[in-house]
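My entries follow the structure.

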Amino acid sequence: MNYSISSKKTYQLSSKEINTICMLKNTYWKYSMKSQLDWFKKNIKKNDIHNMFYFKSQIIGYTLLRIRSCKINTFVKKYILFDTLILSKSFRKKKISSLLMNFNNELIKLNNKFSFLICEKKMINFYKKFNWKTLEKKKFNFLANNLNKNGMVFNQKNLIKKNNFKIEFFDFK
């Protein structure tokens, strides 16, 4: 097989890789390339993690893990915002997303942080296959415009010691 996975922090990415990532994202989220690049420059920090799945030398899959901060009750804690999972249309339904998800989960564990994502209801069962757990909507506040979405966590051991907690995700840019 000619598949490989590469993981890089933002400051390690070339301009060509950033353009390719934005083009791949644009196959699903239809914005102009300028808009994709502007979003990237505005929202991505230098130590965010970019996982690229290659077929031969072409990026066909991508995930973004963003290092951010949240407040759990009164404590500020670093976490990983699982931001993006995208595959090239011609490579979907070939179990590549499983390889990417397992890779992401291992990186999250290696970073010794919990991870949070927001998703639509139709995606919950997909993430549950990879040991992500749903959070009750009253248990989290994500300060972005995703109020109708669902929150899920991974690697949450030691995250919540009490049943009575609320997580406020405030550092999402």
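**Notebook: strands, then a helix**

I began with the hairpin: strand 3 and strand 4 form it with 2 residues between them, and Asn73 in the turn has a positive phi of about 55 degrees. Strands (E, at least two residues) and helices (H or I, at least four) are DSSP runs, numbered from the N terminus.

The model is predicted, so I noted that local features need pLDDT of at least 70, side-chain atom pairs count only at pLDDT 80 or more, and totals for chains, interfaces and linings use all residues. Residues are numbered from 1 along each chain as its sequence is written, and side-chain values use heavy atoms, with hydrogens and water left out.

I looked up the pairing next (two strands pair if DSSP finds at least two bridges between them). Strand 3 runs antiparallel to strand 4 (residues 75–87), joined by 12 bridges. Tyr62 has Ile86 in strand 4 as its bridge partner.

I then turned to helix 2 (residues 33–43), whose buried residues are Gln36, Leu37, Phe40 and Asn43. These lie on the same side of helix 2, because they cover an arc of only 150 degrees around the axis, taken from the directions from the helix axis to the C-beta atoms. Buried means under 20% relative accessible area, exposed over 50%, and partly exposed in between (1.4 Å probe, protein chains only). Lys34, Lys41 and Lys42 are exposed, on the face turned away from the buried side of helix 2. The buried residues of helix 2 pack against helix 1 (15–26), strand 2 (49–55) and strand 3 (58–72), where contact means heavy atoms within 4.5 Å.
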